[in-house]
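This briefing goes through a structure by topic, for a reader who has the sequence and the coordinates at hand. Please keep the view open while following the points below.

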Amino acid sequence: MVKQLDFNLLRVLEVLLEEQSVTAAASRLHLSQSAVSKQLSKLRETFDDQLFERTAYGLKATPRALQLAPELREVLQRLDQFTRPNSFEPADSQRRFRMHLVETSYSLVFPHFVPTLLNQAPQVSINSQTWATDSMDKLLRCEIDLGIICREWDKRSLLHMNNLPDELGYAELIRDYPVCLVRQGHPLLNEPWDLDTFLKYRHLQVTFGGLEHWLLDDVLRLEHLQRDIAVNMTDFNSALDLCQHSDLILCAPKKYVMHMLPGHDLVCLDVPVHVEPGAYVLVWHKHFNLDPSHSWLRNLMIDGVRAQSSNDDKLSAR
């Protein structure tokens, strides 16, 4: 039976579940390790369970702690909503936002809003992680504040924009499309660049954002065609190096690639398959729609990225 609950301890439990470390939890909570250890003892007494076991790799949550986690998040979200101020002063805030985003969006998004964020809200922080297979579930459970994902406008894609969950709000940030990269001196550069040549050579694929395949492969499959994927990787930097030292073809989002090409001796070619440009999309749970701090961050990101994208379009049109 749960004893009388001190609601101040729930924040400690939440952070311990996330960090799996007393040291890391103490740092986040701006407390000493001994203070966090004492609060953990009170939590154990309250719930009549160890909650965490010590291992060589840190703390491991017990089945009881894992059972409490979803309800804990719901209770704390309701408390946040109940105590949330009607206004937001960036300069005074110490809010910590949690965000998951696809790897290729870091260089396209962060430089265009973080400097403004640091200027307006010097004590606000962002904990960002690369988008993974469980990130959508975390977004739907409000465990993270925001996500940046890739979605398609091409009707042939299962990842069409219209298929986003109804619980999510979203804003399109950038449109992009795939290009092909090959090394300087690749034999295909002496051949007609068409679909036959594209499929003749083996390919290098980067799997990111929790996606197992691209729109490009869906479109080819509809024509009963497929690429010969020789190597599948999860890191674009390593893939660019391998592409430069092999005869593999690498398909990648163009705007991301343009940031990465300097320093690599690679040739960029259009993909010889017609696909509609896809989009980088900012997503969040509608639970946060009326949260003034959340709205401030979303608008900061949207305005900063779209302003940069507009400038890039003007430069490319010259």
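**Salt bridges, a sheet and a covered helix**

With a relative accessibility of 44%, Arg-202 counts as partly exposed. The model is predicted, and it holds 17 salt bridges, one of which joins the side chains of Asp-228 and Arg-202.

**Salt bridges between distant parts of the chain**

- Asp-228 and Arg-202 meet at 3.0 Å, N to O, and the pair links Asp-228, in the loop between helix 9 and strand 9 (229-233), with Arg-202, in the loop between helix 8 and strand 8, 26 residues apart.
- Asp-228 is partly exposed as well, with a relative accessible area of 34%.
- A salt bridge of 3.9 Å, N to O, brings together the side chains of Arg-98 and Asp-145; because Arg-98 belongs to strand 3 (residues 96-101) and Asp-145 to the loop between helix 7 (135-140) and strand 5 (146-151), this pair ties together parts that are 47 residues apart in sequence.
- Asp-145 counts as buried, at 2% relative accessibility.
- Arg-98 and Asp-145 also belong to a network of salt bridges, whose other members are Glu-18, Glu-19, Arg-28, Arg-95, Arg-96 and Asp-291.

- Glu-14 forms a salt bridge with Arg-11, in which the closest N and O atoms are 3.7 Å apart.
- The two residues, Glu-14 and Arg-11, are 3 residues apart in helix 1 (residues 8-19), and are therefore separated by about one helical turn.
- Glu-14 counts as buried at 15% relative accessibility, whereas Arg-11, at 31%, counts as partly exposed.

- Five strands form an open sheet in the order 4-3-5-12-6, and their pairing is mixed.
- Strand 4 (125-130) and strand 6 (168-176) stand at the edges with a single partner strand each, so that one side of each is left without a neighbour in the sheet.
- From one strand to the next, the twist averages 20°.
- Strand 6 pairs with strand 12 (residues 278-285) in the antiparallel sense over 8 bridges, and Arg-175 stands opposite Ala-279 in strand 12.

**Helix 9 and its surroundings**

- Helix 9 (residues 215-222) is mostly covered, since 6 of its 8 residues are buried, namely Leu-215, Leu-216, Asp-217, Asp-218, Val-219 and Leu-220.
- These buried residues of helix 9 pack against helix 8 (195-200), strand 8 (203-206) and strand 10 (249-253).
- Just after helix 9, His-224 takes a positive phi of about 60°.

Methods
Residues numbered from 1 in each chain as written. Predicted model: local features only at pLDDT ≥ 70, side-chain atom pairs only at ≥ 80, totals over all residues. Heavy atoms only, no water. Pairing = 2+ DSSP bridges. Helix = DSSP H or I, 4+ residues; strand = E, 2+ residues; numbered from the N terminus. Axes fitted to C-alpha atoms, helices over the stretch in contact; angles between N-to-C directions. Buried < 20%, exposed > 50% of the residue type's maximum accessible area, 1.4 Å probe, protein only. Contact = heavy atoms within 4.5 Å. Salt bridge = Lys/Arg side-chain N within 4 Å of Asp/Glu carboxyl O.
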